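The following note is intended for a colleague who meets this structure for the first time. Its numbered points may be read beside the sequence and the model.

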Amino acid sequence: MAEKKTDKVSIGVIGIGNMGSAHCRTVCTTENAELTAVCDIDETKFGKLPEEAGEKVRKYTSPETFFAEAPVDAVIISVPHYDHVPLAMQALHAGKHILVEKPIAPAVGMARELIAEGKKFPHLVQSAMLQLRTTEAFLKIRELLAAGELGRLMRINWIVTTWFRSQCYYDSGDWRASWRGEGGGVLLNQCPHQLDLLQWLFGLPSKVKATVAIGKYHDIEVEDEVNAFMEFPGGATGVFITSTGEAPGTNRLEIAGTKGRLVYENKELKFSRNEVPSDEFLRDTKDVFGVPKHEEVQLPEIKGISGARHFLLIRNFVNAILKGEKLIAPLHEAVNGLELGNAMLYSGLKNETVTLPLDSAVYARLLSDLVASSRYVKKKASGNTGTADLNASYS
């Protein structure tokens, strides 16, 4: 192995699919980073590597050989969901910093096991690919909430039905949209970012009650529509609605507090501020039909969602390794959004109200039963260390 450079981080990418190949390209354009190795059990995937990678990048089809021989300081893990935890653990034991794609696991119990193992390696940087945290609008919302600009939170509504997917999308990979291959549907594949942002902005709810539809719009065995109701410890309520079968779809986040309302939609953030907080006004007014007056607050222009989100997160990962920069998305925080999604799915399938924290063993049993009935059969290939046997490792 080449002598480690102190001014650069040598990065390897495991899983050269659509996202993995994109991460390779991003690493090649990130300052103080270099792509030195890639790994995929299917060697034909190496044809997806960008020209920027060059000829010097080492290629491996076995994770064991990759971890033993690849000249890398850090690893980006971008493989099917069930392989995230075992490969991340291998990376940690091989002394590599890790950046894990979302979701970090299909089930919260697996994720908690990874986080517990990660604590044994405090010298290694451990991050999750939750790049929406770099979006200006969500950073501004977080800032306004922290400053108390909305007062006491009353209601959170998020409709995110812009995740439309065709049947041919689900047919494009035999692991997709199956319990054994993917571990879930829209909550696990498309919505981890919004679920992460929900808990990042507002904290985890205390209770969740949801309805989920299995294959309502597609020939799939997992959920493609979810309607969830949440209760938060401070008294606020929330609604989360998502689907992969609706078009043109809506992405609208509405936050109501005693001091006003925030709405983020169509890349615009609007803040309507009450002149008098609603809880004070309703208590003190003598006007039978009175309503608090409000003003539209002029906020700085929000650029919306930038194509550089992955770059910002990977750059942050690199700077955390080289300079100790604070992580945007620490790996341990990725458990919270996953727990929320698992709770919604469990609630919908069992028709029960779920109290958080979610019992990981109970959820693991549910997912094990779903896996046992799954149509997908996991392919065996040299160097594939992943497992979908929940009872064996993660129950």
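1. Helix 1 (residues 18-28) has as its buried residues G20, S21, H23, C24, T26 and V27. Here buried means under 20% relative accessible area, exposed over 50%, and partly exposed in between (1.4 Å probe, protein chains only). The cover over these residues of helix 1 includes strand 1, strand 2, strand 4 and helix 9. Helices (H or I, at least four residues) and strands (E, at least two) are DSSP runs, numbered from the N terminus.

2. On the basis of the note: this is a predicted model, in which local features need pLDDT of at least 70 and side-chain atom pairs count only at pLDDT 80 or more, while totals for chains, interfaces and linings use all residues. Residues are numbered from 1 along each chain as its sequence is written, and side-chain values use heavy atoms, with hydrogens and water left out.

3. Strand 1 is largely enclosed by the rest of the structure, because six of its six residues are buried. V9, I11 and V13 point one way from the strand, whereas S10, G12 and I14 point the other way. In general, side chains of a regular strand alternate between the two faces of the sheet.

4. S10 belongs to strand 1 (residues 9-14). With a relative accessibility of 12%, S10 counts as buried. Its side chain makes a polar contact of 3.1 Å with the side chain of E34. A polar contact is a pair of N or O atoms within 3.5 Å; within protein, one must be able to donate a hydrogen and the other to accept it, and residues adjacent in sequence count only if both atoms are side-chain atoms. Apart from neighbours within four places in sequence, S10 is in contact (heavy atoms within 4.5 Å) with E34, T36, P71, V72, D73 and A74.

5. Two strands pair if DSSP finds at least two bridges between them. Strand 1 and strand 2 (residues 33-39) run parallel and are joined by six bridges; A33 in strand 2 is the bridge partner of V9. Strand 2 also pairs with strand 3 in the parallel sense, over three bridges, and V38 stands opposite K59 in strand 3.

6. The buried residues of helix 3 include H84, P86, M89 and L92. Their cover includes helix 2 and helix 4 (108-118). Just after helix 3, G95 takes a positive phi of about 80 degrees.

7. S62 is placed in the loop between strand 3 and helix 2 (63-69). S62 counts as buried at 13% relative accessibility, and its side chain makes a polar contact with the side chain of E64 (3.2 Å).

8. A further open sheet has nine strands in the order 14-13-12-11-7-10-9-8-15, with mixed pairing. Strand 14 (294-297) and strand 15 (354-355) stand at the edges with a single partner strand each, so one side of each is left without a neighbour in the sheet. Strand 9 (residues 223-231) and strand 10 (residues 237-243) run antiparallel and are joined by seven bridges. E225 stands opposite S243 in strand 10.

9. Helix 10 lies across strand 8 (207-214), strand 9, strand 10 and strand 15, at about 65 degrees to strand 8. Helix 10 (residues 334-350) also packs against helix 11 (residues 360-372) at an angle of about 65 degrees, the axes being 11 Å apart. Residues making this contact include L345, Y346 and L349 of helix 10 and V362, Y363 and L366 of helix 11.

How values were computed
Axes are lines fitted to C-alpha atoms, for helices over the stretch in contact, and angles run from 0 to 180 degrees between N-to-C directions.
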